[in-house]
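Please read the following report alongside the sequence and the coordinates, which are shown here.

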Amino acid sequence: IVVKKWVAVFKDNSKNINPNHLQIADTNNKMSLNREIFCDKNRIGRALVTGASSGIGEEYCWQLATNGHNLVMVSTNAEKLEKLAQQIRQKAAVEVEVIAADLSVKNDLDTVIKRIENTDKPIDLLINNAGFAVAQPFVGGDRQREMYALKVMVEAVLLLTHAAVQS
């Protein structure tokens with residue numbers, strides 16, 4: 001499993017996470033790293049997952065929660081996010097926080113950054129998963145759509161990761 005070319009941040013060295021597993025994943029070690037992250041012996045505490053309400057992001061949430069990790073789930077779809085959070089709380093008995101945020105909007109992105117910087121319930125793992133297909137040709141395509149993609153899949157990843165490694 002690749003998290004935006006391994007933009008995953010591990011901050012707690014006391015939890016036996018092997019730093020050798022923090023390399024850019026290749027075809028041969030993706031599943032090995034997946035097992036290292038999600039297995040109980042490497043409990044990471046609280047994970048923040050962007051793009052959490054569907055697809056791979058939803059699966060990350062289920063995998064982490066069923067192994068006892070608390071979650072902060074971030075997505076633009078508040079209704080779907082809250083419904084999923086409720087299901088996870090009931091089935092996995094973990095703490096789940098929900099942040100409805102569009103990572104291309106500065107105020108929303110700032111809300112997520114502030115949550116990462118909150119030391120009361122620290123974030124131990126950041127999974128930058130939010131993203132989408134631009135679904136248009138570059139030549140002749142809508143530049144605003146391209147800029148939106150850059151804000152979500154580049155700028156937000158940079159700023160969230162920066163906040164995570166600083167806190």
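## Overall architecture

The structure is a predicted model, and its secondary structure comes to five helices and five strands. Read from the N terminus, these elements follow one another in the order β-α-β-α-β-α-β-α-β-α.

Of the 167 residues of the protein, 42% count as buried.

Strand β3, which spans residues 70–75, is mostly covered, since six of its six residues are buried. The side chains of N70, V72 and V74 point one way from β3, whereas L71, M73 and S75 point the other way, and all of these residues are buried.

Strand β2 (residues 46–50) runs parallel to β3 and is joined to it by five bridges, and within this pairing T50 stands opposite V74. Together with helix α2 (residues 55–66), β2 and β3 make a β-α-β unit that is right-handed.

R46 is found in strand β2. Is this arginine, R46, buried or exposed? With a relative accessibility of 8%, R46 counts as buried, because the cut-off for that class is under 20%.

The C-alpha atoms of R46 and N70 are separated by 4.5 Å, although the two residues are 24 positions apart along the chain. Leaving aside residues up to four places away in sequence, R46 touches N70, V72, E95, E97, R115, K121, P122, I123, D124 and L125.

## The largest pocket

The largest pocket holds about 280 Å³ of space. It is lined by 17 residues, of which G51, S75, T76, A130 and G131 are the closest to its centre; S75 is also one of the buried residues of β3.

Which elements each supply at least two residues of the lining of the largest pocket? They are α2, β3 and α5 (143–166), and α2 gives the most, with three residues. By class, the lining of this pocket has eight nonpolar, eight polar and one charged residues.

Most residues other than glycine have a negative phi. Against that background, A93 has a phi near 55 degrees, a positive value in a residue that is not glycine, and A135 likewise has a positive phi of about 55 degrees.

Both of these alanines lie in loops: A93 in the one between α3 and β4, and A135 in the one between β5 (125–127) and α5. A93 is exposed, with a relative accessible area of 68%, and A135 also counts as exposed, at 74% relative accessibility.

Definitions and conventions:
Residues are numbered from 1 along each chain as its sequence is written. This is a predicted model: local features need pLDDT of at least 70, side-chain atom pairs count only at pLDDT 80 or more; totals for chains, interfaces and linings use all residues. Side-chain values use heavy atoms; hydrogens and water are left out. Buried means under 20% relative accessible area, exposed over 50%, partly exposed in between (1.4 Å probe, protein chains only). Helices (H or I, at least four residues) and strands (E, at least two) are DSSP runs, numbered from the N terminus. Two strands pair if DSSP finds at least two bridges between them. A crossover is right-handed if, with the strands pointing away from the viewer, the path from the first strand over the helix to the second runs clockwise. On a 1 Å grid over the protein atoms alone, a cavity is a set of points where a 1.4 Å probe fits but cannot get out, and a pocket is an open set with protein on both sides within 12 Å along at least five of seven lines; lining residues have an atom within 4 Å of a point. Grid points are joined across faces, edges and corners, and a volume is the space filled by probe spheres set on the points. Ala, Val, Leu, Ile, Met, Phe, Trp, Tyr, Cys and Pro count as nonpolar, Asp, Glu, Lys and Arg as charged, and the others, Gly among them, as polar. Contact means heavy atoms within 4.5 Å.
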